[in-house]
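Hi everyone, thanks for coming. I'd like to walk you through a few spots in this one, so please have a look at the screen.

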Amino acid sequence: MSEDKDHEGLDSIKIYCRFAPVPGGDTKVLNHSLRGGTEGQHHVGVRDDYNGASLDMDCELAFDGSTPQVEVHTKVTEPLIPRLLQGYNCTLLAFGQTASGKTHTMLGPQGGKYDFLRKDHNCGIVPRAVVSLFEHLEQSDIQADVDFSFFEIYNEVVSDLIAKATCCDGNVKSFAFRGTDKARFEREVSRVRVRTADEFLHILEATSANRQQGGTDLNAVSSRSHSIVLLRVHTGKTSATMCMVDLAGSECIKKSNAQGMRRYETKNINTSLFALKQVIHALYKRKEHVPYADSMLTRTLADSLSGNAFLRILVCCTSRAEDAQETMTTLRFAKEASCVVRKAPVINKYDSLRDKQLYSSSELDALNQERLKLQTKNEELIKANEAMQNENAVLQMQVRQLQDTNTQLISHIHTGTETYQSQVNSLQSANQQLQVHTTELKQEEERTSEQNVYLSRKVAEVQKHMEGILQQIKAVTVENDMLRNELRQSRGTVDGLRIQMAQPLQHQPQQQEQQQQQQQQQQQQQQ
């Protein structure tokens, strides 16, 4: 459908489709096709090979997994910037199941937790849209004030992401909105005025880290909240907003295996997305009652969904065959949304009086809130003072008890001191006696030592004398042995003479020979 038809009194929701890159490994690829259709539209076809179901639909543009971020921005968000400067409200929703690439498309890798540089080819379409906005302002010489809010809807509660970031200290102001439109849901949401794209990128980088994230079996870094970047552009004639929404992904609990808080988050995410589907269905059927109040998400987006904004929905799909049913559910929602026909948006004229009232109302509410805080704090201080007085009375009683105990302790100390002094005197006297005795012992030890030296000398002399005596004894023993030998020889000689005298004379030669032998033996013994 041509963009020019938006000004003919009616406007349709434009649908864009983007498939995530084909996963690696052994994952089976989804059976899908993307091709050009009639009237400049693209045709998307998906088939579930498990049960044979199929779905076909037309959309403005379809992007495959190889499409770069800059092309998605050029085709989807870039055409909205001139309309924003003309005074038209614009809204962009990223819709799809978990892990389909919504946050990557809107903010970039890791949900914006990196340096948002213009030259980074992975930069998401939100920072690219702001850069494009300031480039249009420079080229057209339009004087405009730009401020933005960044908040999330987590478990049906609106949470200000800018207020949590320390980088915005002193530059953040909260406004209290009144009325029935979505502005009343921004009552406590900060508004930051930025003069350049770099200022916006710096704040966006710091605040993106505050978004609720967690891991499941389907997505290790899963967004657990719907995040909304709300740009406001005020010129001298118009005042328009651009709302860029990164919806949390729908989940099948059986696949995500969410437990505890993750399961509770999944329930709230699926409930709010179902409420969004019911609103689209009611608009498609042109029902009198549209259930905007069923969730915080639809209440916040009521103004965008009802018709006073150019609404673009970017449906993100995975390329996994196992997600075929979820992908077809996403495309059914997109197909029904593409058939919704609403009144065309109108230019929002700048109302300076309303803007001043808004600021005054906001300041009044801020003062009232500050007054309530001070009143609550005063009541707390009064209660704390009463508690302190009671505690003081108890402490005074304890002080008196401590004083009595201290008096008793002092008395005991005096008595103990006297006893201790007496014991010290006794110990000193005993110590003196011990010193005298020690001196005597030392003197006795010295005398004993001298006696030991003298005795040691005497023992050495006695030992030396004994050694001389032992040598003399050995010499006497040797001499005694020699005398004994001579005595034996003399006895032998006498015995021989006796025998000779007893034998006849004829035996004298034999006797002489025997005597010679005996003499030889004696000489040998003596030698």
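Let's start with D323: its side chain and that of T318 are joined by a polar contact of 3.1 Å, meaning a pair of N or O atoms within 3.5 Å, where within protein one must be able to donate a hydrogen and the other to accept it, and residues adjacent in sequence count only if both atoms are side-chain atoms. Before going on, this is a predicted model: local features need pLDDT of at least 70, side-chain atom pairs count only at pLDDT 80 or more, and totals for chains, interfaces and linings use all residues. Residues are numbered from 1 along each chain as its sequence is written, and side-chain values use heavy atoms, with hydrogens and water left out.

Where does D323 sit? In the loop between β16 (310-317) and α10 (324-338); helices (H or I, at least four residues) and strands (E, at least two) are DSSP runs, numbered from the N terminus. D323 is buried, with a relative accessible area of 2%; buried means under 20% (1.4 Å probe, protein chains only). Leaving aside residues up to four places away in sequence, D323 touches Q97, K255 and T318, with contact meaning heavy atoms within 4.5 Å.

Now to helix α5. Its buried residues include F200, L201 and L204, and the buried residues of α5 pack against α4 (125-140), β8 (144-154), β11 (190-194) and β14 (226-235).

Last, the open sheet: three strands in the order β3-β4-β5, with antiparallel pairing. β3 (31-36) and β5 (54-59) are at the edges, each with a single partner strand, so one side of each has no neighbour in the sheet. Strands pair if DSSP finds at least two bridges between them, and six bridges join β4 (residues 42-47) to β5.

Terms used
Buried means under 20% relative accessible area, exposed over 50%, partly exposed in between (1.4 Å probe, protein chains only).
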